[in-house]
Amino acid sequence: MKTLEKEGQRLREAVSKDKTRQGVEAAAYLAAGLLLARSLVSGIGAPFAVALICVSRRNNYLFSALGAALGYLIFCPADFPRYAAAVVIALLGALSAKIADAKNNASMPMLTAFLSLLATGLAVNLKTSAALAEYALTLAESILGAGAAFFFFRTLNCSRRRMRFRALPVSDMVCVVISASLLLMSLSALKIGGVSVARIAVILAILICVRFGSDRLGIMLALSLGFAFGLAENGALFLVGAYGFSALLAALFCPFGAVCLSVAFVLSSALFTIAAGAPVCFFIEPFTAAVALLLIPPKLCDRIESVFHDGADITPDGSLRRSLVMRLRFAAGAVNYISESVNDVREKINAINEKAREREPESLSADYRSKAIIDEKTNEIRKVAADQFFSIADMLNDLAAEFDEAESFDSVAAGKLRRLLGEYEIYPKNISVIEDKYGRMRIEILANGNETGFTNPKLQREIAKACGRYFAKCSINHFRQETMITFSEKPNYYLEAGFAQFSAEGKLCGDAVKIINDNRGRHILIISDGMGRGGRAALDGAMGAGLLSKLLSAGFGFDSALKVVNCALLVKSNDESLATLDCASVDMFTGRVDLYKAGAPASYLVKNGRVTKCELSSMPAGILRGIEFAKRTAVLSSGDYIILVSDGVTDLGTDWLYAVLTGARDLTVQALADEILREAVRLSDGKRADDMSVIVAKLRPIE
């Protein structure tokens, strides 16, 4: 019973809210119709209220028609019969469009508005035997009405979720601004001593947009309002150029402060006023608005700026990032489905082959045994193929997680950087300012050609100032006809690394060493040890380390990257092919080190002179399907070491290695790596030596 009462109360509240919303909408349409009926175009007429009726949504065309009729009666009594007939025709057209459900595009409202004004205007012209010029004015009024219907339609149908100045697409923004300008036309007649209060208000709005919003929006608003207010008064069409050019000058002087912006706008307006021979009131209005801008208190300035920038990181035509995440996850699901399908087919084929074997005696011939071997090999290939699809799905999920959870895109900072680079005559194709879940910023700039301007230290300092961050020296990568410039936020530490290797057979070492920077604040150390010695081992080791480093640099996770490497080694040849993988990922911001091992020997940490052995049990890549990294995490401080070695070093025991590491305080990382390798080679004298590799890295603070 209580549940039913709560549900009834909820429904009553919902109905009440809906009625309130409908009442507010009806009042807004009524007021808009009344105001637009007063928006007179000098020498032509007042077509805009009729246009509003044609685009009104739901049942609000009744209220807009009522407001328009009342407005024409009050403000255009001489032409009331003609406009009343146009209102009725527009109302019938809107009702017909609703019945036919034909209001999903702008063509129907535009046609209705055009015909309503044209038919009634021609009837009046014919009745009064008007001159040809009157017919031309009627046609011009009808075209204005159709144009207004288009702008009103686009305004009413733009996304409410993105109704913020900086988040609207340009096309929607233009329509909103023009629609608002047509509404404000009716207020231009409100004057005090010849000075229009409405024009002062709109000039202030233009200055606020240029100062706190965007140059584009301010200039767009200036041109639209100048056109609207120019049409509303005889001899005032010069306001289009006056407002538009003055807003352009104000935007140019905006970086120098509000005073310079205001002076530029006022002086430009004064020149247009003098050139047009207009009354002095057209100079007083921008001067008053400029003074009002300068008197806005700082706290209110901050609030105005936050209004303009709120939602600036929303992608105008839908969220590109959310769309990308959705597509990646959908693709991952599709690839997973393929993997499962491959497994299902494999199992069915195995079942068919098993039944065939049961019907045939095993002792038949060598053909039977050959067929069984081929079936088994084919089955293994199908398993590996399924694993590869699963690996791709994991990689796609890694990318989706990175975009969805770890990063956001700061389009406000990107806009600042684009303007800054323009001052240095650099015009990039794309700028991405990316902030990860830890608040660290990365800038990726794609430019045409062999761009070298970013080596300018002054530019680098200004980029850091614009983003409010400290950046490390940028990395510049040239490829083909483009250049990628990456700025990563300056970390707290840097990694000093050195390595040494010994080949047990010939010139090729079976171990592969990689030290990479992923441009996300991490350094990754990799040793891959191929099976055996010489060229064959070198091929396996290089393949393991090369693939893994490429995938990690591209942003994939360790687990999905290992699956790809494992599949690649499984299908590389008919012979057994394997490689151990030893990885250490060091975060340059926190000192955290993540150790990943696939069949690799122990690693060593040296903290405050004390040696810690990190040993994890795991399988190497290339032997079995479905292997995983064994993982361990530690935290390094300034001056601490991490040492990775291949099994050619650890097979010689550990006491000597502890002794070398304990006395390593005065050695550089390269000297320490050389010392470890030299001692290992000495101890292996007379024994069957294996390939040896050593990586020594030391964490140091950035001064």
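These legends describe close-up views of a predicted model.

**View A. An open sheet of five strands.** The strands follow the order β9-β10-β11-β12-β15, and their pairing is antiparallel. Strands β9 (511–517) and β15 (630–635) form the edges, each pairing on one side only. On average, neighbouring strands of this sheet are turned by 15° against each other, direction ignored.

**View B. The pairing of strands β10 and β11.** Strand β10 covers residues 522–530 and strand β11 covers residues 579–587. The two run antiparallel and are joined by nine bridges. Ile527 stands opposite Asp582, a residue of β11.

**View C. The packing of helices α3 and α4.** Two packed helices are described by the angle between their axes and the distance between the axes. For helix α3 (residues 61–75) and helix α4 (residues 80–99), the angle is about 175° and the axes are 9 Å apart. Angles over 145 degrees count as roughly antiparallel, so α3 is roughly antiparallel to α4. Residues of α3 in the contact include Tyr61, Leu62 and Tyr72, and among those of α4 are Phe80, Tyr83 and Lys98. The residues of this contact divide into 13 nonpolar, no polar and one charged.

View D. Ser224 lies in helix α9, which spans residues 215–231. Its relative accessible area is 12%, and buried means under 20%, so Ser224 is buried. Leaving aside neighbours within four places in sequence, Ser224 is in contact with Val177, Ile178 and Ser181. Ser224 and Cys175 are 49 residues apart in sequence, while their C-alpha atoms are 9.7 Å apart in space.

Notes: Residues are numbered from 1 along each chain as its sequence is written. This is a predicted model: local features need pLDDT of at least 70, side-chain atom pairs count only at pLDDT 80 or more; totals for chains, interfaces and linings use all residues. Side-chain values use heavy atoms; hydrogens and water are left out. Two strands pair if DSSP finds at least two bridges between them. Helices (H or I, at least four residues) and strands (E, at least two) are DSSP runs, numbered from the N terminus. Axes are lines fitted to C-alpha atoms, for helices over the stretch in contact, and angles run from 0 to 180 degrees between N-to-C directions. Angles under 35 degrees count as roughly parallel, over 145 as roughly antiparallel, 65 to 115 as roughly perpendicular and the rest as oblique. Contact means heavy atoms within 4.5 Å. Ala, Val, Leu, Ile, Met, Phe, Trp, Tyr, Cys and Pro count as nonpolar, Asp, Glu, Lys and Arg as charged, and the others, Gly among them, as polar. Buried means under 20% relative accessible area, exposed over 50%, partly exposed in between (1.4 Å probe, protein chains only).
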